[in-house]
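Hi,

Here is the structure I promised to pass on.

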Amino acid sequence: MTDYTDKELLSIFRDSERRHYAFNLIVRKYTERLYWHIRKLVISHDDADDVLQNTFVKVWNGLDSFREDAQLYTWLYRIATNEALTFLSQKKRKYFLPLVDVERQLSNTLETDEYFSGDELQKKLQKAILRLPEKQRVVFNLKYFEEMQYEEMAEILETSVGALKASYHHAVKKIEKYIEEN
Amino acid sequence: MARKNNIKLEEINKANPFGVPEHYFENFSVRLSDKLSQTEKVKTTAFSFAWLHSRATVILAFASIALILLIGVIFVNYRNKPLSSKEMIEAYKYSAIQDLSDEQLAEMMNNNRKEKQLDPDSVSKANEKYKDEIIEYLSNENIDINTIVDSQ
């Protein structure tokens, strides 16, 4: 498969006869990255799959009105993040769960997840991450696992770089404290 | 006292600890296409219902307008229908009476009353007609006419 740049993909998409082809290329290019980003937030594979599909449905519906002054890649991440956070808040509302119980439920999913292949320390790290506030989890995951630049994160989360740096710093401190004590 | 681990974040394996079912990523785009076509179908159905609903609304609106127009036409036709001769006379009388002053109206009523009074000549003619019959009846019954006159 030819590796098109995002600009080239968008240009192909503007051609009405090739829009399905362009969309398919976008899906193939970003499926894995978006999946892992979502999976670390919702933990369960089935939930991640649902959220990823919904993300691409939104992408398909919104790609026509996408303005090229933003990057396609950050736009996709923004949709995926919003979909994942919306999914979690719907789950809370659906089962009338307080935040602590959502964390507990996600931790239990982690314990029983047949597709989790990490060691004990990695599991402990994931549990520590689950104790962070949702937005801080997103910041930590993007920076620590995906090594994303703060500027790109600022575009995705529509926050200042300074606020993101502070958020990441606090997240690291909390995680280290949790691992020390557990 | 809580047990403490002196483990730093950098010491933890950074590799992705999550896994996916076999061929998940290979099959994802096919499943996504199915979902997109289902979503399109739902959208189309929703559009059809909305279209039907709007069409029903338009039909209802047109029917209401037609009904109002029909009632209007019937009403106007009824008002413009030519009067029967009897109705015309009644209407003429009514309008003629309305045009009269109080004095004229009083005079007309007086005339009506006079017209309705019995003519003395016709009364005497009627009396003459029945006079013979009365006398015959009285003689047959042997009744003296003077007796009747005295008893009154």
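**A bent helix and what surrounds it**

H2(A) bends by about 50° at Tyr30(A); the bend at a residue is the angle between axes fitted to the seven residues ending there and the seven starting there. Helices (H or I, at least four residues) and strands (E, at least two) are DSSP runs, numbered from the N terminus.

Before going further, some housekeeping. This is a predicted model, where local features need pLDDT of at least 70 and side-chain atom pairs count only at pLDDT 80 or more, while totals for chains, interfaces and linings use all residues. Residues are numbered from 1 along each chain as its sequence is written, chains are lettered from A and ligands numbered from 1 in the order in which they are written, and side-chain values use heavy atoms, with hydrogens and water left out.

Back to that helix. Of the 24 residues of H2(A), 17 are buried, so the helix is largely enclosed by the rest of the structure. Buried here means under 20% relative accessible area, exposed is over 50%, and partly exposed lies in between (1.4 Å probe, protein chains only). After H2(A) comes Ile43(A), with a positive phi near 70°.

Tyr73(A) sits in helix H4 (residues 72-94) of chain A. It counts as buried because its relative accessibility is 9%. Leaving out residues up to four places away in sequence, Tyr73(A) touches Asp6(A), Tyr30(A), Arg33(A), Met148(A) and Glu152(A); contact means heavy atoms within 4.5 Å. Glu152(A) is 79 residues away from Tyr73(A) in sequence, yet their C-alpha atoms are 9.3 Å apart.

Then try Arg39(A), which belongs to helix H2 of chain A. With 0% relative accessibility, Arg39(A) counts as buried. A polar atom of its side chain lies 2.6 Å from the backbone oxygen of Ile43(A), and a polar atom of the Arg39(A) side chain is 2.7 Å from the backbone oxygen of Gly19(B). Not counting residues up to four places away in sequence, Arg39(A) also touches residues of both chains, including Asp113(A), Tyr115(A), Phe18(B) and Val20(B).

**Where the chains meet**

How many residues of each chain are in contact? For chain A the count is 42, and for chain B it is 28. The two chains bury about 3300 Å² between them, 63% of it on carbon and sulfur atoms; buried area is the accessible area (1.4 Å probe) that two parts lose on being put together, summed over both. On the chain A side, Gln53(A), Tyr144(A) and Glu180(A) lose the most area to chain B, together 18% of what that side buries.

The rule finds 3 salt bridges across this interface, meaning a side-chain nitrogen of Lys or Arg within 4 Å of a carboxyl oxygen of Asp or Glu. Lys8(B) forms a salt bridge with Glu176(A), with the closest N and O atoms 3.9 Å apart. Helices H2 (19-42), H3 (45-62), H6 (120-130), H7 (134-145) and H9 (161-181) of chain A each supply at least two residues of the side touching chain B. H2(A) gives the most, with 10 residues.

Chain B itself has 5 helices and 0 strands. Of its 152 residues, 9% count as buried.

Cheers

Notes:
Polar contact = N/O pair within 3.5 Å; in protein donor to acceptor, adjacent residues only side chain to side chain.
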